[in-house]
Amino acid sequence: METLTCRAERAGGRGEDAAALCPGLEPWRRGHCRERGSRSPPARVWCLPEEHFTLKEKMLSPNDKKLEKLDPFYRPSLSKQKTSAEIISEARNALRTVRTQRPFTPREDQRKLFGPASSRTPESRPPSSFSLHASSFESSDSRPISGARLSPLELKPKAPTSAATEEDPCPSFPKPPVDPAKIRRISSARARLFRAASQGALLPDRTHPPAESKKTVESKETVMMGNSVVKINGIYLTGSNAIGHLKSHPLQLTYDGGFSEIKEQEMFKGTTSLPSHLRNGGDQGKSRGRASSCPDSSDLSRLETKAVSKADLQEKNTEIEVDDVFWNTRIVPILHELEKEENIETVCAACTQLHHALEEGNMLGNKFKRRSILLKTLYKLVDVGSDLLSLKLAKIILALKVSRKNLLNVCKLIFKISRSEKNDSLIQNDSILESLLEVLRTEDLQTNTEAFLYCMGTIKFISGNPGFLNEMISKGTVEILMNLIKQINEKAKKCGACSPNSGHLLVQMTATLRNLVDSPLARSKLLSISALPQLCAAMGQHMGDKDVCTNIARIFSKLTSYHDCCVALASCSRCYALFLTLINKYQQKQDLVVRIVFILGNLTAKNNQAREQFSKEKGSIPTLLSLFRTFYQLDLQSEKRAGEGDQQPQVQRPLAQVEDVLVKLTRLLANLAIHPGIGPALAANRHVVGLLLATLEYKSIDDCEELVINTTATINNLSYYRVKNSIIQDQKLYIAELLIKLLVSKNMDGILEAVRVFGNLSQDHDICDFIVQKNVHKFMIALLDAKHQDICFSACGVLLNLTVDKDKRIILKEGGGIKKLVDCLRDFGPTDWQLACLVCKTLWNFSENITNASSCFGDEDTNTLLVVLLSFLDEELALDGSFDQDLKNYHKLHWETEFKPVAQQLLNRIQSHHTFLEPLPIPSF
């Protein structure tokens with residue numbers, strides 16, 4: 001007869017090494033690969049009392065109903081959803097990864113450049129609070145002058161040889177020829193003025209009745225450069241005369257789009273009280289006007305050579321004159337309103353109107369001649385102290401492309417306003433984000449580092465508001481920030497050192513990216529521009545800046561929770577050495593190391609190559625052990641103080657934070673143990689196993705659920721490897737004692753993990769004896785009533801290993817074990833052929849010495865088995881489930897390869913030892 005066993009039936013193991021059901025196959029012998037290990041004296045001897053032999057309702061209390069949705073393996077979010085078959089397959093893997101929650105980052109109470117957890121001292125970091133007034137701005141905002149003196153030009157223009165005539169009183173200097181196409185080009189400003197007038201853009205001082213306005217329609221402009229003919233009010237003028245006509249006969253726009261002549265005092269009615277520099281822009285405009293009125297030369301040859309230069313000059317002068325008109329008619333009245341400062345609403349409305357007017361007149365930027373007049377007026381209004389007004393002023397000032405100190409001050413102004421969360425709506429309504437991104441996109445990083453710092457501070461604040469997330473990403477924030485980080489990396493690499501200001505700026509940028517990566521679109525952008533290697537480079541170059549390293553670790557913590565990002569980071573081979581260096585450098589800094597270990601746990605969760613690469617790094621396992629030992633001691637000290645009633649919690653390290661590092665560490669060790677080259681080495685490492693068992697000994701699952709479960713899962717993975725020098729095998733009885741604590745708990749997750757470990761350990765004869773002595777087998781039988789496939793699967797694996805010993809097979813009859821196994825087969829067979837196979841193997845071992853089926857299984861269970869097996873061995877009936885095609889293929893594979901061979905032989909055995917004839921009654925004499 002053949003005896004089947006279940007190897008590695010922990011974590012829902014598949015029993016891959018069970019003896020195949022082929023005729024003539026040698027039975028599996030327990031002594032082939034088992035050793036007796038020394039047993040450490042347990043701290044407490046456990047024995048399951050009778051009340052635990054029956055699965056009570058309390059074990060499926062509402063708090064434990066989550067077991068119905070238990071996902072026993074770590075599954076990060078994937079861009080491609082896993083199939084049902086993959087989910088079931090992973091759930092039954094003998095070696096399991098462990099999942100955990102991402103470290104929690106508390107939200108800061110106040111908006112500052114650097115939060116309370118910053119490693120920077122107040123003296124070494126830029127301030128978040130400061131005073132800012134109109135006097136802080138510089139009145140002159142010209143670009144910095146060059147330090148080099150320019151030598152005078154050697155070639156000097158010469159006057160023409162012929163004397164100036166009356167027709168040409170202004171001497172002309174030769175100019176280089178211009179492309180003839182330029183002659184026909186209409187001045188953009190001039191055309192803009194006429195176009196604006198025809199569309200009603202210039203508001204009239206008064207309206208005209210329809211009858212009058214009809215007359216003005218005749219005054220349509222006709223502009224031709226060369227001969228420069230302009231038709232205004234029905235009069236044809238040359239280009240130069242038209243300019244004079246514009247000066248002496250200003251234009252007024254009527255409601256239907258025509259021009260009419262008005263007196264200058266009417267056009268500037270209401271603005272005469274303004275300084276003269278606001279009306280005409282100074283003497284430069286007048287001098288240009290006089291220069292442009294010079295008549296053309298009567299000499300034909302000179303006219304031909306000077307036509308191009310004169311046309312070009314006329315075009316420029318015309319543009320200046322048109323700008324004068326636009327300035328006086330559109331901008332000056334608004335500036336007059338701003339200087340009144342009557343009330344905030346009026347001034348804010350005027351600022352909005354001014355920005356639109358400047359944009360319409362193409363007067364934004366730093367090339368506009370009257371820019372300094374505008375800036376002086378705007379700077380004065382900073383002292384009003386209104387947040388709404390200050391934002392509108394800042395938007396215009398930034399649009400005027402200020403530089404140096406003024407750029408810094410306007411960024412500080414916006415930063416100061418953004419510190420209050422209630423102003424987020426104001427920032428969003430005025431589109432300040434776009435202005436700030438334009439600063440980062442166009443200004444020079446090296447000369448404006450401090451301005452960038454406060455600009456990024458504002459962006460960091462609003463990135464924490466979900467309402468800004470989509471707007472920020474759509475406007476290219478991710479690309480802009482990564483470009484700046486790349487510049488900082490390149491400079492640091494070139495100089496061989498990192499400046500403090502660059503570090504301050506990196507803190508703001510990485511904190512912003514940390515908020516943005518919550519968006520799938522932002523994650524996609526980071527992957528498309530290969531941002532992860534740049535972030536690793538920044539972390540490596542700023543190793544001494546804990547704030548930068550912590551922020552980047554927070555970014556990676558979020559990213560590696562997603563499969564595609566996890567793969568991208570795992571491909572950065574230098575990241576493993578980088579993370580190990582950080583752990584060694586900041587071993588006492590919980591907020592950083594807990595994230596580094598969490599990241600490593602994510603990288604090694606589903607990637608065998610990542611496990612191998614990490615283990616090959618010098619000092620990888622010793623570094624983890626050192627960290628484990630450090631926080632294990634801190635945890636012990638914290639518990640000791642808590643037990644002594646220490647009343648100084650604010651000085652002590654929070655217990656939950658210390659425990660969180662241990663949770664992440666045990667998970668990382670469990671993931672590493674999956675690798676066939678790493679697992680046996682860890683199982684043979686006395687320090688690793690010692691720390692795990694110490695944690696399991698002093699921690700209670702009621703107080704530290706996740707830590708105890710992760711520790712048990714790690715022991716589970718290590719117990720899979722049956723190597724000669726395995727410390728797990730040496731300590732197997734001590735481990736079994738510790739596991740009983742979990743079995744008697746009310747935590748079903750903990751019970752499940754303990755049963756899985758027993759599935760591995762029960763391959764050993766000593767453990768089987770222990771299970772029977774401590775009545776653990778009765779608890780396993782009771783678990784068959786849990787009506788949960790994973791629990792039934794693991795419990796059945798332990799029972800299968802127990803039935804290898806002939807003297808222990810009788811235990812299945814205790815507590816209705818046979819009936820519960822048959823019920824599991826009937827209830828779960830059609831949806832779980834692996835569990836059905838395991839039940840058949842157990843019944844096969846139990847019935848090895850069968851002489852009569854009814855006496856072996858009982859009449860009722862025998863009949864049920866015959867019906868169920870006949871039904872499940874019919875392919876059409878067995879596989880006729882409402883599953884998708886992928887799941888159907890999965891079920892068919894396991895039905896054919898695992899269930900069918902075992903079930904067929906079990907059916908044959910029962911049929912050959914069963915009679916359908918009822919026994920005759922014994923006659924009485």
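K808 is buried, at 6% relative accessible area (buried means under 20%, exposed over 50%, partly exposed in between, with a 1.4 Å probe and protein chains only). This is a predicted model, where local features need pLDDT of at least 70, side-chain atom pairs count only at pLDDT 80 or more, and totals for chains, interfaces and linings use all residues. Numbering runs from 1 along each chain as its sequence is written, and side-chain values use heavy atoms, with hydrogens and water left out.

K808 makes a salt bridge with D807, with 4.0 Å between the closest N and O atoms (the criterion is a side-chain nitrogen of Lys or Arg within 4 Å of a carboxyl oxygen of Asp or Glu).

## Buried pairs across the chain

Searching the whole structure turns up 23 salt bridges. One of them joins D430 and K392, whose closest N and O atoms sit 3.0 Å apart. D430 is in the loop between α13 (424-429) and α14 (432-442), while K392 is in helix α11 (residues 387-399), so this pair ties together parts 38 residues apart in sequence. Helices here are DSSP runs of H or I with at least four residues, numbered from the N terminus. D430 counts as buried at 10% relative accessibility, and K392 does too at 14%.

Then there's D764 with K732, at 3.9 Å between the closest N and O atoms. D764 lies in the loop between α33 (748-761) and α34 (765-773) and K732 in helix α32 (residues 732-743), so the bridge connects parts 32 residues apart in sequence. D764 is buried at 2% relative accessible area, and K732 is buried at 1% relative accessibility.

## Helix α25, side by side

Which residues of α25 (residues 608-616) are buried? They are A610, R611 and F614. These cover an arc of only 105 degrees around the axis, which puts them on the same side of α25; the arc is taken from the directions from the helix axis to the C-beta atoms. An α-helix has 3.6 residues a turn, so residues three or four places apart point the same way.

Turned away from that buried side is a face with the exposed residues Q609 and K616. At the start of α25, a side-chain oxygen of N607 comes within 3.0 Å of the backbone nitrogen of Q609.

## K380 in α10

K380 is part of helix α10 (residues 371-380) and is exposed, with 58% relative accessible area. Its C-alpha atom is 9.8 Å from that of L338, 42 residues away along the chain.

Technical notes. Helices (H or I, at least four residues) and strands (E, at least two) are DSSP runs, numbered from the N terminus. A polar contact is a pair of N or O atoms within 3.5 Å; within protein, one must be able to donate a hydrogen and the other to accept it, and residues adjacent in sequence count only if both atoms are side-chain atoms.
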